[in-house]
Amino acid sequence: MNFMHSFRGLTAFLEASSTFSSEQMTEAVSEAVETTAGTSALTAEQVTETVTEAVTEIANGGFHPEEFINNLKYMGAGMIGIFLVIGVIILTILILGKLTAPKNQDSDE
Amino acid sequence: MSGLEFLNLLMGLIPTEFDPRQLAMWLIGGILIFLAIKKEMEPTLLLPIGFGAILVNLPVFGDLPALQELYEAGIATELFPLILFIGIGAMIDFGPLLSNPKLMIFGAAAQFGIFFTLCMASMFFDIKDAASIAIIGAADGPTAIVVADKLNSRYMSAIMVAAYSYMALVPLIQPPVIKLLTTKKERMIRMPYQQKDVTKTTRILFPIVITVIAGIAAPSSVELVGFLMFGNLIRECGVLDSLSETAQKVLANLITIFLGISIATTMRYDQFLKWETLLILGLGLVAFIVDTAGGVLFAKLLNVFLPKEKKINPMIGAAGISAFPMSGRIVHKMGLKEDPQNFLLMHSIGVNVSGQIASVIAGGLILNFFM
């Protein structure tokens, strides 16, 4: 009962503030549910706190400079991948050019 | 009818739900239309997007289901961008690339901006949105739509506006970056062009082989590459001239009309007027700048190892972004400005065309990573 009361209060506050879209609200609540799932004996305050944290995180947009370093692996893999694919295409074009070149070019000249 | 009833009737005509932010969106729509007409910046897309931005921010948007249907049918299913690729494929002559395939390496280097921006954007957005934003650097609208759509990005409209606006701004964005990274001496490097005949068989086999390679190496890109190459096969086969012409003109124009207005469906004030939109526009600019820098710096790196008579004009590296043919022409013009006898057009167009293929493959790689 306490939990429902707090949660309704939070929802009403969010709706009234009108700075949150329905997607943001859904995302925040989903995140909170994910975080609290499997845990037991949570008080209404704890759930409210989790939801509030998630909402604040989303509202602030979240700035995570460490993600730049964490995702450098995609930069490396992406650039290696693209050079490899392009390398294969270049080789293929060169082979195609050789295979389809007119054989009597010299005699024509 | 009493005076009061008449007044009530009149009051009923006034929309009750009106947000001042809708006015701001009208202004944004107006600016896009102005840029399209007055500055001729990508008018085929910015004009419908601008008009659509006004249309979807009228108080009666709920009564315009046709537009929503168009979005669901063409953008959500990715049909419009893919069909547009048939037209683009039919427009592209891969001849300069086929006569000097080594130039393709610059197309690969100039995709660096995409992956750099991915890391940058991941500091602010979740990884799927970051990947969708990064693909603005592909400088290729249809690829950006397909990637953002497949990754379920929440920022489709901002990504589209950034992608198409920056493509139109390539003549303003690229020259300062190129100048900053090259010396006058480097910009004056001449690159003799040797005309090599490309056989019809090569031209016909090329789109088929590329589709197969892309399908194996980057499976997620096969739709994009496949449609692009199908269009090119229609062009090169020599027996479907009328279809080729239709794909290049009628089909491409028709899809472009629907594409622009459908994209605008996502430009509702409550979805578009966010600080994230400004951030996405900024990150898109970063992507274009780093793409350009990546191509130029890679050419400079190659020059370290090349003999003096085979040095590459590093400016052609900048043409590796997919904005075709603008980027190729810019490099050519810059070359002529430095030295009126320096004709870089065939090289730069070759690199530019390779950028088209490389950007699609980059899009496929991004999808491979995050789908």
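Is B:Ser322 buried or exposed, and what is its relative accessibility? B:Ser322 counts as buried, because its relative accessibility is 3% and the cut-off for buried is under 20%. Please keep in mind as you read on that this is a predicted model.

**Around B:Ser322**
- B:Ser322 sits in a loop of chain B, between helix H19 (315–318) and helix H20 (326–338).
- Its side chain has a polar contact, at 3.4 Å, with the side chain of B:Gln356.
- Leaving aside residues up to four places away in sequence, B:Ser322 touches B:Ala138, B:Ala139 and B:Asp140, along with B:Asn352, B:Gly355, B:Gln356 and B:Ser359.

**Backbone geometry worth a look**
- As background, most residues other than glycine have a negative phi, and most peptide bonds are trans.
- The peptide bond that runs from B:Phe324 to B:Pro325 is cis, and its omega is near 0°.
- B:Pro325 belongs to the loop between H19 and H20 of chain B, where B:Ser322 is also found.
- B:Ala139, one of the residues that B:Ser322 touches, has a positive phi, near 55°.
- You will find B:Ala139 in the loop between H9 and helix H10 (141–150) of chain B, and it is buried because its relative accessible area is 2%.
- B:Glu78 also has a positive phi, near 65°.
- The loop that holds B:Glu78 runs between helix H4 (65–74) and helix H5 (79–91) of chain B.
- With a relative accessible area of 8%, B:Glu78 is buried too.

**A covered helix in chain B**
- Helix H8 (residues 112–122) of chain B is mostly covered, with eight of its 11 residues buried.
- The buried residues of H8(B) are B:Gly113, B:Ile114, B:Phe115, B:Thr117, B:Leu118, B:Cys119, B:Ala121 and B:Ser122.
- Their cover includes helix H4 (66–70) and H5 of chain A.
- From chain B, the cover includes helix H9 (127–134), helix H18 (275–305) and helix H21 (345–370).

**Cysteines**
- B:Cys119, one of the buried residues of H8(B), has 0% relative accessibility.
- B:Cys237 is buried as well, at a relative accessible area of 16%.
- A disulfide is a covalent bond between the sulfur atoms of two cysteines.
- The disulfide count over all chains is zero.

**A nonpolar patch on chain A**
- On the surface, A:Leu91, A:Leu94, A:Ile95 and A:Leu99 form a nonpolar patch, and together they have about 400 Å² of accessible area.
- A:Ile95 is located in helix H5 (residues 72–100) of chain A.

Technical notes
Residues numbered from 1 in each chain as written. Chains lettered and ligands numbered in written order. Predicted model: local features only at pLDDT ≥ 70, side-chain atom pairs only at ≥ 80, totals over all residues. Heavy atoms only, no water. Patch = residues over 30% accessible without salt bridge, like charges linked within 9 Å, V, L, I, M, F, W, Y side chains within 5 Å. Areas by Shrake-Rupley, 256 points an atom, 1.4 Å probe, with all protein chains shown as cover. Salt bridge = Lys/Arg side-chain N within 4 Å of Asp/Glu carboxyl O. Helix = DSSP H or I, 4+ residues; strand = E, 2+ residues; numbered from the N terminus. Disulfide = S-S within 2.5 Å. Buried < 20%, exposed > 50% of the residue type's maximum accessible area, 1.4 Å probe, protein only. Polar contact = N/O pair within 3.5 Å; in protein donor to acceptor, adjacent residues only side chain to side chain. Contact = heavy atoms within 4.5 Å.
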